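Keep the sequence and the model open as you read.

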Amino acid sequence: MKKGWIFLLIGLLVGSGAAVFAADDKDETREAVVHAEQLSESGYHLDAIVAYEKLLEENPGDKELKEKIAREYLLAGDGRTASDLLEEMSGGGNGREVSADIYCDLVCSYLENEDMESAIRILRQAKELYPENGKIDHLHRELRGMYESSALDYTPVRELDNGYMLAYNAEDQLCLMDPEGHEYPKQTVFDGMDDMITVEEGGKKTVLMSVYDLSSDKTERCNYRYVDKDGNMRVTPEGEYSYLGCPRDGKILFRDKEGWGYLDESMKDVGVRYEDATAFCENTAAVKENGRWRIISTEDLGAKDESNTVWYEDVVTDERKICSASGNVFVKTETGYRLVSPSGKALSEVYAEVRAFSGKDGVAAVKKNEKWGLIDAKGQETCPLRFEETASGDASMAAFRKGDRWGYIHKSGEIYVEPEFASAGRMSKDGKAYVTLGSAWQIRLLIAGEESITDE
């Protein structure tokens with residue numbers, strides 16, 4: 001964090017102002033306030049603190065004096081003491097009556113402490129309480145595009161759902177990185193993973209993974225198991241699979257020697273096979289028969305009546321073999337790719353290339369005339385097609401490429417983080433993403449973009 005930038009920001013936000021006292025305050029008290037303000041304006045912040053603290057002894061309940069003392073600590077470069085005092089006044093931002101100025105000072109104190117995450121957390125609260133406050137808006141504008149990073153000694157394999165990453169650690173073991181960049185401990189070493197979901201168990205969220213071990217006696221065979229985030233085995237499904245997904249909408253996508261099919265949640269084969277298929281999501285999937293694709297629901301499995309079926313050349317899936325994360329599906333026709341509803345209604349215009357949605361509230365990358373942009377789940381273009389390349393995003397932020405470097409844009413196309421990364425993953429709603437800076441090691445970022453501060 002650049003100290004000069006912080007002090008410039010503090011200088012823009014803080015002001016002197018006069019403490020408010022009762023009408024019968026003594027003249028010497030007023031003179032003491034003016035003297036303390038003059039010390040502050042002259043840069044003698046420690047002397048100003050002493051002066052204000054003497055006044056506070058006489059007026060122990062005066063909130064403005066407490067705020068002035070915290071502000072002087074901040075201007076003196078002691079962000080830790082300032083944040084301690086302001087946190088006490090604000091209750092840590094736990095819903096108490098707190099002025100916009102206190103919120104602004106608290107954000108500045110966190111920035112001085114190089115604690116970007118806390119600064120954004122408090123600024124989010126301030127933005128919700130004071131959506132039209134000028135000082136808070138100024139902070140919001142100044143923070144956009146700022147980030148902090150920490151190097152992690154891992155080699156990425158692929159990005160997963162909900163901010164998780166599959167990677168090799170320093171011992172060359174395959175591991176699961178959580179959204180905070182921590183490796184999950186595991187009791188079982190596995191060779192690979194095809195899918196994962198986050199499940200609710202006893203009111204808590206845990207990760208369930210579809211992992212496999214390569215058999216030593218028959219390389220075509222994979223021993224599939226479901227394990228939790230700690231590597232503890234949950235179940236080993238019967239059968240020999242070359243692919244096995246996780247349960248979604250009560251169905252589990254698999255591939256065996258007979259083709260693609262589905263298990264129910266009791267691991268029972270529902271008895272259908274396709275040339276290819278996608279996992280269910282939003283009660284929608286796609287299956288391939290006789291070289292063509294059609295969209296189905298869970299009720300359509302095994303149905304023979306195809307008189308009203310709409311067929312497509314292809315469908316677009318993500319790394320989880322899901323085509324319908326947004327509730328709708330990208331399909332390929334003779335003229336190109338477009339977004340359609342499960343019933344086949346066209347929702348977007350035709351594009352030369354597209355990338356699957358990664359979530360219902362996200363945006364998807366689309367390409368036409370050699371330029372990329374973004375559309376939402378309804379098929380509306382939110383970002384003009386003007387970039388060299390864009391990626392789909394989980395929230396309202398998406399990665400974009402300029403030359404050989406990646407940055408981040410808002411779904412409207414406004415640049416929030418200039419392109420400086422060798423690669424850039426999906427950004428979560430709280431502003432976190434995996435990126436690389438010229439090497440395979442992962443860098444954890446916390447981006448102070450608009451959507452990481454508000455849900456507008």
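In which loop is the place of Glu-370? Glu-370 sits in the loop between strand 19 (364-368) and strand 20 (371-375). This is a predicted model: local features need pLDDT of at least 70, side-chain atom pairs count only at pLDDT 80 or more, and totals for chains, interfaces and linings use all residues. Residues are numbered from 1 along each chain as its sequence is written, and side-chain values use heavy atoms, leaving out hydrogens and water.

**Positive phi**

- Glu-370 is not a glycine, yet its phi is positive, near 65°.
- Asp-172 lies in the loop between strand 3 (165-168) and strand 4 (174-177).
- Asp-172 is exposed, with a relative accessible area of 60%.
- Strands are DSSP runs of E, at least two residues; helices are runs of H or I, at least four; both are numbered from the N terminus.

**Nonpolar cores**

- A nonpolar core is a set of buried (under 20% relative accessible area) Ala, Val, Leu, Ile, Met, Phe, Trp, Tyr and Cys residues joined through side-chain atoms within 4.5 Å.
- The largest nonpolar core has 37 residues, and Tyr-52 and Val-107 have the most contacts inside it.
- Elements giving two or more residues to this core include helix 2 (27-41), helix 6 (100-112) and helix 8 (134-143).
- Helix 6 gives the most, with 9 residues.
- Beyond its neighbours within four places in sequence, Val-107 is in contact (heavy atoms within 4.5 Å) with Ala-119, Ile-122, Leu-123, Leu-139 and Leu-143.
- A second, separate core has 29 residues, among them Ile-197, Val-199, Tyr-241 and Phe-254.

Technical notes
Buried means under 20% relative accessible area, exposed over 50%, partly exposed in between (1.4 Å probe, protein chains only).
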